[in-house]
Amino acid sequence: MNRTSVSILAVAGLMATVAAPAMAGDTITVASWGGTYQEAQTKAFFTPTADALGITIKQDTTNGLDDVRLQVTGNAVKWDITELGADECARGSKEGLFEKLDYGIIDKSGINPKLVHDDWVGISYTSVVLIYRTDVFGDKGPKTWADFWNVEKFPGRRALSSSQATETLSVAALASGLPIDKVYPVDIDGALKSVDKIRGHVDAWWTSGAQAMQLVKDGEVDMASIWNGRAGTLKKEGAPVSFSFDQGVLTADCMVIPKGAKNKEAAMKALAMFVSPQLQANLPLYVDNGPVNEKAFETGKIPPERIKDINSAPENVKKQVLQDAEFWRDTLVEATEKFNNLIQQ
Amino acid sequence: MSAPSTLLNETAGGAGRDLNAQALRADARRESLRLLALLAPSLFLVFAIIIVPIGWLFWLSLYDENGALSASNYGRFFEQASYIKTFITTFKVAFIVTGACVLLGYPLAYMLSQLPRRAASICLIFVILPFWTSVLVRTYAWLVILQRKGLINSWLIDLGVISQPLSLANNLSGVVIGMTHILLPFLVLPLYASMKTIDTDCLRAGMNLGAGPVATFRQIFFPLSLPGLASGVVIVFVLCLGFFVTPALMGGGKVIMWAMRMEQTTSLYSNWGAGAALGVVLLVVTLALLGLFQWLLGARATGVWSSR
């Protein structure tokens, strides 16, 4: 890949000096999380973008911010665009790991301003939702996080996330009775007190989406916090489960151009395409992660009966709390260490 | 001294002896240089892929996130209670698993060593076969067997032995069962090898002198099998300290071991030093333990990986 990309770079550089914006023939590398999510992104974003711009989009998978930091600090940037969690984008931005984005090329209208920054932009949404097994509770299962915390009224086995401390703390704040617009800024000590109340009743702390899914699917727990994509898959597979977006925690994913990316200009154009309403509207056709651009819902591409099941549909957004990436950028380490101390007591 | 050399000494005098010694020394030097040259590629490899990265790891662990020299990465282990807790859990699991492996593995190795060769090699295949299967696959298999609606619980409930499912997975017992299964071959194989080398004539001699089967085993066979047992124990214990997959999947987030903590810390902190410090601690503790075992049990125990 090196020799070709060097020559492409040379050609691109040459073209840039004569102020020619044409990018045809360029190759960019985009990294995402792999699995069904990246397959959906390929159909929704990557292939249409490659066709429209006449470029080649190569793909890779990432483990997150560590990978970007390794590449940027090691002067070996492989990727032109990579996906991250919004809190990782906020942290990486503080560390100066990303290139500035050009909002003359990228149209930010329709994207929540909290997810539009100098060097990162939102790309899709995941929700943390409460799932319960209907073979245990019928349709009278826990509907709110306060119900989940209520061990007398809803006896049963419980699972929460330990790897995503920030999400569990948001959920804990909701459980303590805060309305959804008062959760942020999170009172970390208050949320920890709330976690302290439930931790003795938590039968498993999950560390991956697959694990959360397995715990619920096999009946190892009767209720859990889970990502909506995993919950949707369980339902599609016919597992006896129920969930809704009420009191969900919306977490965004974002995309960045790592500092020193070799094909920055082509990457900028591709990123502009990825967040455009037309391509954003493709995403929920293939996967449960909602589009970040709310104009996607106005394109008419998404069937009306599908819209109610999409976490970022305007109706559903109202019921949920948006994780504040910048809040966690500054508090993540302290909050996570305190959280670990508490649940390992 | 033999006659010819005396003759040589007489004819050539002291100078001849010196010349001879010099020539021998030079020859020895050439010989060792040649050996060094032969060793150089592998020494370089060891240096480049082991010593340098470990040194680098240690170096990284001394820097905080602002790139300044500091001990904060190590201080954290004492400030945050969960690190000490993790450390204790790691050792607790390692002790329990090693104990379980000895209890299960010793009788197994003994049986294998007493079986006729053909039967023993068939049985050994059953020990080695799981050894070749992915740890991840075996761990998930245990999850299927042990969880609340898994095989064991449904059988026991159907048989009326229990009314409520036992908590076998997603806690310490799940971790211990899974890790014991995975690490058992590491104990059985060296132990079996050492038991096979025990001279049966010694056992017969003991019997001949009037020792019963129990006394023969206790006074002759068992002591002779100890070096093999010791090397198995060391390998299992050290592997336990760095285990990741099984506790992560079987522990239900309640059994956090050191390696899991490394992964967490590396992604939580913006500087590599935070994770590197955990690695340094594990390395130092492991080396110290190996040293301790060597001191307690003699070189033969830890010398499994040297020639035998």
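Is Lys43(A) buried, exposed or partly exposed, and how many other C-beta atoms lie within 10 Å? Lys43(A) is partly exposed, because 14 other C-beta atoms lie within 10 Å. The cut-offs are as follows: a residue is buried if 20 or more other C-beta atoms lie within 10 Å of its own, exposed if 12 or fewer, and partly exposed in between, with C-beta atoms placed from the backbone.

The structure is a predicted model, in which local features need pLDDT of at least 70, side-chain atom pairs count only at pLDDT 80 or more, and totals for chains, interfaces and linings use all residues. Residues are numbered from 1 along each chain as its sequence is written, while chains are lettered from A and ligands numbered from 1 in the order in which they are written.

Lys43(A) belongs to helix α2 (residues 35–53) of chain A. Helices (H or I, at least four residues) and strands (E, at least two) are DSSP runs, numbered from the N terminus. Lys43(A) touches Asn282(A) and Tyr286(A), leaving aside residues up to four places away in sequence. Contact here requires the C-beta atoms of two residues, placed from the backbone, to lie within 7 Å. Ile123(A) is 80 residues from Lys43(A) in sequence, and their C-alpha atoms are 15 Å apart in space.

Two helix pairs of chain A were examined. Packed helices are described by the angle between their axes and the distance between the axes. Axes are lines fitted to C-alpha atoms, for helices over the stretch in contact, and angles run from 0 to 180 degrees between N-to-C directions. Helix α4 (residues 86–95) of chain A packs against helix α16 (residues 325–343) of chain A at about 65°, and the axes are 8 Å apart. The crossing of α4(A) and α16(A) is right-handed. A crossing is right-handed if the near helix is turned clockwise from the far one by less than a right angle, and left-handed if anticlockwise. From α4(A), the contact takes Ala86(A), Asp87(A), Cys89(A), Ala90(A), Arg91(A) and Lys94(A). From α16(A) come Ala325(A), Glu326(A), Trp328(A), Arg329(A) and Leu332(A). By class, this contact of α4(A) with α16(A) holds six nonpolar, no polar and five charged residues. Ala, Val, Leu, Ile, Met, Phe, Trp, Tyr, Cys and Pro count as nonpolar, Asp, Glu, Lys and Arg as charged, and the others, Gly among them, as polar.

In the second pair, the axes of helix α9 (residues 209–217) and helix α10 (residues 228–236) of chain A come within 10 Å and cross at roughly 35°. This crossing of α9(A) and α10(A) is also right-handed. Gly209(A), Ala212(A), Met213(A), Val216(A) and Lys217(A) of α9(A) meet Arg230(A), Thr233(A) and Leu234(A) of α10(A). The contact of α9(A) with α10(A) comprises four nonpolar, two polar and two charged residues. Thr233(A) is partly exposed, with 18 other C-beta atoms within 10 Å. Its C-alpha atom is separated by 8.7 Å from that of Asp288(A), 55 residues away along the chain.

Backbone exceptions occur in loops. Most residues other than glycine have a negative phi, and most peptide bonds are trans. The peptide bond from Tyr184(A) to Pro185(A) is cis, with omega near -5°. Pro185(A) sits in the loop between α7 (165–175) and α8 (188–198) of chain A. Asn75(A), not a glycine, has a positive phi of about 55°. Asn75(A) is exposed, with 8 other C-beta atoms within 10 Å. Asn170(B) has a positive phi of about 60°. Asn170(B) counts as buried because it has 29 C-beta neighbours inside 10 Å.

Chain B contains two kinked helices. α3(B) has 34 residues and spans 50 Å from its first C-alpha to its last, close to the 50 Å expected at 1.5 Å a residue. The expected span is 1.5 Å times one less than the number of residues. A kink of about 30° lies at Gly105(B), shortly before Pro107(B). The bend at a residue is the angle between axes fitted to the seven residues ending there and the seven starting there. α7(B) kinks by about 40° at Leu183(B), shortly before Pro185(B). This helix α7(B) is largely enclosed by the rest of the structure, because 20 of its 25 residues are buried.

The chains meet through 18 residues from chain B and 19 residues from chain A. On the side of chain B, α3 (81–114) and α11 (258–268) each supply at least two residues.
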